[in-house]
Amino acid sequence: MFAKLLRSLFAGGKAAQPVAEPVSYKGYQIYAEPQAEGGQYRLAGRICREIDGELKTYRFIRSDLFSSREDAEQWMLKKAELFIDQTGVQMFD
């Protein structure tokens, strides 16, 4: 029991990610959630929309890497808006 307590206190783990605040766009909610990777940030996040009372979610991950979290968040929003304009609700099929 004592060993388990020590492991939980000193075990390495990932730092908590900031909670993404959604940005509304044409009835969709965009959550920019960049992923830390090798000192950079990968463009990632979620696009959500309620359809017929059910919350639908599309995970959005791209190969783009940025030197700052803020840049990755800004580009996530731009790319998600473009994706919404091009795909619409079909992204959830």
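View 1. D52 lies in the loop between β4 and β5. Strands are DSSP E runs of at least two residues, helices are H or I runs of at least four, and both are numbered from the N terminus. The model is predicted: local features need pLDDT of at least 70, side-chain atom pairs count only at pLDDT 80 or more, and totals for chains, interfaces and linings use all residues. Residues are numbered from 1 along each chain as its sequence is written, and side-chain values use heavy atoms, with hydrogens and water left out. Phi of D52 is near 55°, a positive value in a residue other than glycine. Most residues other than glycine have a negative phi. D52 counts as exposed because its relative accessibility is 81%. Here exposed means over 50% relative accessible area, buried under 20%, and partly exposed in between (1.4 Å probe, protein chains only). K26 sits in the loop between β1 and β2. Its phi is also positive, near 50°. K26 has 56% relative accessibility and so counts as exposed.

View 2. Helix α2 covers residues 69-87, 19 residues in total. From first C-alpha to last it reaches 26 Å, close to the 27 Å expected at 1.5 Å a residue. That expected span is 1.5 Å times one less than the number of residues. Which residues of α2 are buried? They are R69, A72, M76, A80, F83 and I84. These residues lie on the same side of α2, because they cover an arc of only 100° around the axis. The arc is taken from the directions from the helix axis to the C-beta atoms. An α-helix has 3.6 residues a turn, so residues three or four places apart point the same way. The cover over the buried residues of α2 includes β1 (23-25), β2 (28-32), β4 and β5 (54-66). G88 follows α2 and has a positive phi, near 65°.

**View 3. The largest nonpolar core.** This core holds 15 residues. A nonpolar core is a set of buried Ala, Val, Leu, Ile, Met, Phe, Trp, Tyr and Cys residues joined through side-chain atoms within 4.5 Å. Y28, I30, I47, F60, M76, I84 and M91 have the most contacts inside it. At least two core residues come from each of β2, β4, β5 and α2. The most come from α2, which gives five. M76 touches I30, Y31, A32, L43, A44, G45, R46 and F60, leaving out residues up to four places away in sequence. Contact means heavy atoms within 4.5 Å.

**View 4. Aromatic pairs.** The whole structure contains four aromatic pairs. Rings of Phe, Tyr and Trp (its six-membered ring) pair if their centres lie within 6.5 Å; planes under 30 degrees apart count as stacked, over 60 as edge-to-face and the rest as tilted. Y28 and F92 are stacked, at 6.5 Å centre to centre with 20° between the planes. Y28 is in strand β2, F92 is in the segment after α2, and 64 residues separate them. Both Y28 and F92 are buried. Y58 and F60 have ring centres 6.4 Å apart and planes at 65°, so this pair is edge-to-face. F60 counts as buried because its relative accessibility is 1%. Y58, at 23%, counts as partly exposed. Ring pairs join Y58, F60 and F83 into a cluster.

**View 5. R49 beside Y28.** R49 is found in strand β4. With a relative accessible area of 27%, R49 is partly exposed. R49 and Y28 are 21 residues apart along the chain, yet their C-alpha atoms are separated by 4.9 Å. Their side chains make a polar contact (3.4 Å). A polar contact is a pair of N or O atoms within 3.5 Å; within protein, one must be able to donate a hydrogen and the other to accept it, and residues adjacent in sequence count only if both atoms are side-chain atoms. Setting aside neighbours within four places in sequence, the contacts of R49 include K26, E54, V89 and F92.

View 6. R42 lies in strand β4 (residues 40-51). Is R42 buried or exposed? It counts as buried, because its relative accessibility is 16%. A polar atom of the R42 side chain lies 3.2 Å from the backbone oxygen of R62. Beyond four places in sequence, R42 contacts residues including P34, E37, I61 and D64. R59 has its place in strand β5. R59 and G45 are 14 residues apart in sequence and 6.1 Å apart in space, C-alpha to C-alpha. Not counting residues up to four places away in sequence, R59 touches E33, G45 and R46.
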